[in-house]
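Please open the model in your viewer and keep the selection panel at hand. The tour below moves from one selection to the next and says what is there.

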Amino acid sequence: MREYISYEELPNWVPGRVLLASDGLGWKNVACRAYHYAGQDVIVPQMKDFMLVGYRGGVTPMQRRFDGRWTKETLGPGAASLLTRAQQVSWNWKEPIDVTHVYLSGALVAEVASEVLDCNVAEVSLADILRTDDPVMTHAMEMIAREAAAQGIGGALYVDSIARGLCVHLLRQYAEVRTPERRNEGALTTAQMRTIIAYIEAHLGSGLDLKTMANALGLTPCLFARQFRRSFGKPPYAFVTARRLQKAREMLATTHNPIKTIAVDCGFSDQAHLTRMFRAAYGKTPAVFRRQAL
């Protein structure tokens, strides 16, 4: 028997008429569906995503059993429910209702939690809340639902930004977060320093942003930036720029490669970019330096 079900499989346990769906829109780690439900008494298996329910139409008494206990509320427009992932739950209601579901992947919530806490998060659980009147949550859900309907330009990026903000709100208000036992996080280890130096040297000519460098060590960008500065005495951007300039200086002095080629090989956007940075660092242009060095 499968351990978790996906949101696409939910109608197998909770039949309803689909009013809206984000299926096929290219969204990652977040999805949206709206349903019209008749009154039902159902058991939902463990879902692999966190589920938020916004009530759009109809008013009904609702009962839900979660973790062995029943809760009861009257739900209607403006209210919302939260359900953590990987938990079986029973629902019972009598009247027809229209609802919006927003599904957040465990990977997204863990990633946002790791960014917020500057550590690798072991587990995130949402509180079991049958009813909350939370305008921040319901507004974010409505914005996601509107985008599913409008299908505007840049929709996946737009929804991702809303979902990440929503995750931060959930972490602040409704979540329990487990983190591994913290180690001394003052600076990078010697092995990490060797690894990141080798990585930077191997990728000077390509894109080296904070996230890619942090990923090379398995750290969050915020934690990586802080530890890098403590280890090297300067932030990652300044370190990379200094290494690119040093490599350009070496190539200018030892090769006859065109300056524009050297600029690209060292990770500068073009020759003009190299010239500006080189003059600021060394007080002369690359061309003048080359004439004096060769």
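Begin by selecting helix α7 (residues 236-254) together with helix α9 (residues 271-282), whose axes come within 11 Å and cross at roughly 95°; axes here are lines fitted to C-alpha atoms, for helices over the stretch in contact, and angles run from 0 to 180 degrees between N-to-C directions. Because angles of 65 to 115 degrees count as roughly perpendicular, α7 is roughly perpendicular to α9. Now show the side chains of Thr 241, Leu 245, Gln 246, Ala 248, Arg 249 and Leu 252 on α7 and of Leu 274, Met 277, Phe 278, Ala 281 and Tyr 282 on α9, which make the contact, meaning heavy atoms within 4.5 Å. Sorted by class, this contact of α7 with α9 has eight nonpolar, two polar and one charged residues.

A word on what you are viewing: this is a predicted model, in which local features need pLDDT of at least 70 and side-chain atom pairs count only at pLDDT 80 or more, while totals for chains, interfaces and linings use all residues. Residues are numbered from 1 along each chain as its sequence is written, and side-chain values use heavy atoms, with hydrogens and water left out.

Next, select helix α5 (residues 210-217) and helix α6 (residues 221-232), which pack at an angle of about 85° with their axes 9 Å apart. This angle makes α5 roughly perpendicular to α6. Their contact is made by Leu 210, Lys 211, Met 213, Ala 214 and Leu 217 of α5, and by Pro 221, Phe 224 and Ala 225 of α6.

From there, pick out Phe 224, Phe 228, Phe 232 and Phe 239, which form one aromatic cluster. Across the whole structure, a search finds nine aromatic pairs, where rings of Phe, Tyr and Trp (its six-membered ring) pair if their centres lie within 6.5 Å, and planes under 30 degrees apart count as stacked, over 60 as edge-to-face and the rest as tilted. For one of these pairs, select Tyr 7 and Tyr 103, whose ring centres are 4.8 Å apart with planes at 20°, so the pair is stacked. Tyr 7 lies in the segment before β1 (17-21) and Tyr 103 in strand β9 (residues 97-105), so that the pair links distant parts of the chain, 96 residues apart. Both Tyr 7 and Tyr 103 are buried, that is, under 20% relative accessible area.

Finish with helix α3 (residues 155-173), where the buried residues include Val 159, Ile 162, Leu 166 and Leu 170.

Note on methods: Helices (H or I, at least four residues) and strands (E, at least two) are DSSP runs, numbered from the N terminus. Angles under 35 degrees count as roughly parallel, over 145 as roughly antiparallel, 65 to 115 as roughly perpendicular and the rest as oblique. Buried means under 20% relative accessible area, exposed over 50%, partly exposed in between (1.4 Å probe, protein chains only). Ala, Val, Leu, Ile, Met, Phe, Trp, Tyr, Cys and Pro count as nonpolar, Asp, Glu, Lys and Arg as charged, and the others, Gly among them, as polar.
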